[in-house]
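Trainee: I would like to go through this model and learn what its terms rest on. Where do we begin?

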There are 2 protein chains.
Amino acid sequence: MNNLKYTVPKATLQRFPVYLKALRKLDNLGVQRIMSRELSEFVDIEPTTIRRDFSFLGSLGKQGYGYDVSALIKVFDQHLGGQFEEKLIIVGAGNLGRALMNYNRWNHVVGEIVCAFDIEANKIGSMYEIPVYPLSELKQHIPEGCRIAILTVSKDVQETVNLLVDAGIKGIVDFTHEHIQVPKGVKVKAVDVVSMIQELVFETNSIS
Amino acid sequence: MNNLKYTVPKATLQRFPVYLKALRKLDNLGVQRIMSRELSEFVDIEPTTIRRDFSFLGSLGKQGYGYDVSALIKVFDQHLGGQFEEKLIIVGAGNLGRALMNYNRWNHVVGEIVCAFDIEANKIGSMYEIPVYPLSELKQHIPEGCRIAILTVSKDVQETVNLLVDAGIKGIVDFTHEHIQVPKGVKVKAVDVVSMIQELVFETNSIS
DNA sequence: TGAAGTTTATTAAAATATTCACAATCTTAA
DNA sequence: TTAAGATTGTGAATATTTTAATAAACTTCA
């Protein structure tokens, strides 16, 4: 696996999860085959863009027929890490961290949340069956092979990031409000509701 | 305001919130002026890209000097809707919805969360000083001029979206796990942790 | 079985986005 | 006040991404 013919464009990479999500929904609805034109209306991406995107993962469709939904899902799962069973950690066991622990769709999608960390002593313990350790014991408790952390702390953000990078984390899903810096080789995906609203406001304004 | 010289490229639009966030941090650190080269290291975007991006909002810098941080922040605030005092609503008062209500950075950044809605009767009431109404009373209680909704429901997702669109919502920050469909003219920003992790996994794999 | 009708995969063209390179213009320090 | 030094803003060049166009190949129904 992971022997992609050529490098996949960044733009395409960002659309893969959108496709996967849509395909899962279609699968649930009982749809067994789909054509790029149909899928296009569903995800609001041009059919030709969809076909090109898919082509980076191989020749997944059949002429005159379309794509087999469940086969597509399998391929995407494979390439998007579905089989990797990523070991994830949550850093910050506040409101948001707890809400995320309570998400029940983690397993068998990308992996599982193994444990969480927090500075504040009164949050240490176990929540929703996920153990919460003191941040000071990060290196002791971080799961073997753990590469991705979900960051929901609200204080000492950059310091915490440094600790994570030090512990070998390669990807951070960043829920903080602050701007964080990481060395080359570490990826950050910022989840900032405020920023998203700003984008929405700006786009809405630009249109009218 | 909002009389931009030309249309701002989509790619640039997505970077604006990144700049604003970084500039706020710099401002807090007491930095009063900054050059594109310095800012570049901070946000990991090429200096020339930064300058071009800024140029869409006007001639904000001075040759041989750089940019005035607080002046920049003002301009961005203006264009990113900081002055609009958006009226926001949260739809879905579950774990995540509550966590978002508890965020304390809303005010004077893009606007305020005026109220929330939920289907389940036992969640109706008031949380963190934000009133929660039954979804059936959406049209009664939706604030005047409200354009943006934050969606955190876990059931009947598409049905809820339809209600929102019907009520005049133009932008949705989507925290659900499902794929949603909206008519042209309505924008969706999906916040999907699972998708983000998938992107991270994929990127990390692509590199090695 | 074969011909008509579809739809993919892909080459080529168009549109977007990024980066280069440098003139214009500001700062700063003597 | 002026000259040296620095950095912006922007045409031009490059790179990337999207879209158009179509040949190849599959399905389906008579």
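Mentor: Begin with a phosphate oxygen of DNA strand C, which is 3.2 Å from an N or O atom in the side chain of Arg37(A). The model is predicted, so local features need pLDDT of at least 70 and side-chain atom pairs count only at pLDDT 80 or more, while totals for chains, interfaces and linings use all residues. Residues are numbered from 1 along each chain as its sequence is written, chains are lettered from A and ligands numbered from 1 in the order in which they are written, and side-chain values use heavy atoms, with hydrogens and water left out.

Trainee: What makes the pair at Arg37(A) a polar contact?

Mentor: A polar contact is a pair of N or O atoms within 3.5 Å; within protein, one must be able to donate a hydrogen and the other to accept it, and residues adjacent in sequence count only if both atoms are side-chain atoms. The pair at Arg37(A) is at 3.2 Å, so it is a polar contact. A polar backbone atom of Ser36(A) lies 2.8 Å from a phosphate oxygen of DNA strand C, and a side-chain N or O atom of Arg33(B) lies 3.1 Å from one.

Trainee: Which elements give two or more residues to the surface near DNA strand C?

Mentor: They are α2 (36-43) and α3 of chain A, and α1 and α3 of chain B. Helices (H or I, at least four residues) and strands (E, at least two) are DSSP runs, numbered from the N terminus. The largest share, four residues, comes from α3(B).

Trainee: Why is Asp53(A) called buried?

Mentor: Buried means under 20% relative accessible area, exposed over 50%, and partly exposed in between, with a 1.4 Å probe and protein chains only. Asp53(A) has 2%, so it is buried. Asp53(A) sits in helix α3 of chain A. Not counting residues up to four places away in sequence, Asp53(A) touches Thr12(A), Arg15(A), Phe16(A) and Tyr19(A), where contact means heavy atoms within 4.5 Å.

Trainee: Which residues of α2(B) are buried?

Mentor: Ser36(B), Leu39(B), Ser40(B), Phe42(B) and Val43(B) are the buried residues of α2(B).

Trainee: How do you know whether they lie on the same side of α2(B)?

Mentor: They cover an arc of only 165° around the axis, so they lie on the same side of α2(B). The arc is that of the directions from the helix axis to the C-beta atoms. Arg37(B) and Glu41(B) are exposed on the other side of α2(B). The buried residues of α2(B) pack against α1 (10-28), β1 (33-34), α3 and β2 (67-68) of chain B.
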